[in-house]
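Please read these notes with the model open beside you.

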Amino acid sequence: MRTFPILTSITVLIALVPIAPSLAAEQDNTVEWDGISHIEWQDRRPVCPVGGETFEVRFQAYAGDLTAARVGVDSTTWITASVIETRGPYEIWAANVPATAEATIGYTIELTDGTDTDYFSRVGMTDTLPNGSDFALDFATLEHAPVGATLVTGGTVFKVWSPSRSTVHVRGEFNGWTTANPMTKVGEHFIAFVPGAQAGQQYKYFFNNGIWNTDARARRVNPVDNYNSFIIDPFAYQWQVEDFSPPPAEDLVIYQLHVGSFAGRNDPFGNTGNPSGYRDVGDRAAHLAELGINCVMLNPINEFPGDFSGGYNPVSMWAVESKLGTPDDLKYMVDALHAEGIAVLLDIVWNHFSPTDNFMWNYDGTQLYFDDPAVETPWGAQADFDKEGVRSYFLDSVVLMLEEYRFDGFRVDGTDYMNIAGSNNEASGWSLMQALNDLVDNRYVEKTIIAEQLPDDPWITRPTLLGGAGFDAQYFDGFVDNLRGEIFDAAFGDPEMWRLRDAVNGGGQYLEGKQAMTYFELHDEAWSSSGGQRAVKTIDPTFPHDDQWARGRTMLAQAFTAMSPGIPAILMGTEWLEDAEFEQERIDWSKKTTYADVFQFYKDLYGLRVGNTALRANSPHQVFHVNEGGNVIAFQRFNLDGVVYVVVANFSNTDYGSYRVGLPQAGSWGEVLNTQSAGYGGSGMDNPGTIESEPIARDGFAQSAAIRLGKMGLAVLQWNPVCLADFNGDGVVNTQDVLAFLNAWSAGDGSADMNGDGQVNTQDVLLFLNLWVAGC
């Protein structure tokens, strides 16, 4: 009889089946309000219509939800909308508004699902047609223009937020840096249309005839020339991948990548500048695909002072770091990673601005973006989150990054410092985080937002409707601290298994499964600026930091993380025992060859994890074996289709030639991964062939088996595994399998690539014959 740990059926189903709001969308006579979105400054084409020209109104709804939609112009003319594209779980609808000679125009969106018709306007969703709340365009004042510089027919419209100034000019290459283009005050903004101003030209704003400053919403700045702003065409880049959908949070395996130190050192792909740039990362996307991860998490790439930085000293939330490339270079990088099936998360730093080069400080001669005195953090001043203009500066940057650059989500830095107790921003910082996550849940539900929350706080991942901040996941500090503590304690022979049990079991509601990001080492642990260094250096202080303990303990830790519940993450270079200090040195690509066996281990580890429904972040687990004396822990992972794995981890410094552990199922088991396999440079204490359970009760199960378990070793056993030696799949291992394999091998067929290294060679013959002799 198949036995599972005692879990309610609803718990198991919730764990195994990802449920998104879009699944509720169907043509059922109910418009799904939570999927409707229209952002004025983003969802018109052209973005800023001028001179009464025709324009397109775009809006989105869950795919399959609407039966019809219209755009009502001035509540008199109704224009039928149609679906023009899909984006993830959404359909994008559009209607073309004809040209007009009127100075102003307004529109409302009508949405129909069968017998249900609702409306979307500036007041949001309503059951009835609202009065006086149309989305409005004013062709005389151009107040419908986005804040920033927007290319339009015949030139560029500039718009800057400056509530208290009396005069503002836009000065740039287009007018010889003169005051020829005064801006008109409209509400809290100044606006100007400059004929002939074009993409690539530089400019600045000039406040009250004496104060120059950068456009706060410039997409690109020139730090070597007083932070001049550039006019950018956001639609110039031609995307190659139009239909990328990121993996859901529960399937992510994350690779943290610092653009500037990723490429160019002993690099087989070629030399790069120092720092390396966006295009260099894109050109190496195939390496990441080979490794097997499915998500890159970039360290921050918003503009920072100087050429070298970890990125945690931003001067803008809109401009991307110019030393690493142009905005189109960044799009190229995202495009290339998407082409390899890899999602891209961006680390954003909202809790402070850089203490140097901070052009947002006294922006227009007033302390517009900060409190006075400012709320301070250990790294710099925090913006005044209470002001609506500041909130929109941050929230509109979300739309910029997720749509214009097509990022697949964010890591939000230092969320505990977004809600500093006793500060002026205590409530407003929390509200801003809620607004971020509500925006994403409405418009980008398929994307993942992760909070770097230290210490753990379940309120961070609690839904906003229940008062939480609403993040999809947060750093699980309890996992990290316990795992690192016991890995380093192993050097003294006394790691505590109960701490590892607690790490696997999670932090309780809102801090477990896909809401917990787990890791052994990321940038803070490896960065001297944070008091850290790479774990291989800590374990083996002597160059080249690659003794059996450095290898064994880091591979044990990373495998333990990948096999546990939660969203696993690693730091770039981990795949080849990198010892370079984070950000200060580039990772050394020659190590991919030097430690090819280690790289093969990580390929196999993530090959096992990615796409495996029994090992996803939310899949059920049970810790059933905790041996404090022997420093061994074991747990099972499984799904409802009968796929069961047992993970046995030995944190001791002792080899166990025959270690008995309970098994949740009777029958045949096979080892699918062992960190101490000789093929990975380990001790060779693995378990080839079939492992048959014995009717010896252990660990609460009626059956068990004795396995070989090397020191610092982690073995993954699978119940009723596929027998690779049964090459022809007839259920019998015999000479017919040898003939079938040799025929495939001689033809160079990929099915003969037994070790999964992408090559069909003699190594595959040796591996096949070993499996064949062992009977599996």
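Which residue just after α15 takes a positive phi? Glycine 748 does, at about 70 degrees.

1. This is a predicted model, in which local features need pLDDT of at least 70, side-chain atom pairs count only at pLDDT 80 or more, and totals for chains, interfaces and linings use all residues. Residues are numbered from 1 along each chain as its sequence is written, and side-chain values use heavy atoms, with hydrogens and water left out.

2. Asp737, Val738, Phe741 and Ala744 are the buried residues of α15 (buried means under 20% relative accessible area, exposed over 50%, partly exposed in between, with a 1.4 Å probe and protein chains only). They lie on the same side of α15, because their arc around the axis is only 135 degrees; the arc is taken from the directions from the helix axis to the C-beta atoms. Asn743 and Ser746, on the other side of α15, are exposed.

3. Alanine 469 sits in the loop between α7 (458-461) and β27 (473-475). Alanine 469 is buried, at a relative accessible area of 0%. Leaving out residues up to four places away in sequence, alanine 469 touches residues including Trp430, Met433 and Trp459 (contact means heavy atoms within 4.5 Å).

Methods: Helices (H or I, at least four residues) and strands (E, at least two) are DSSP runs, numbered from the N terminus.
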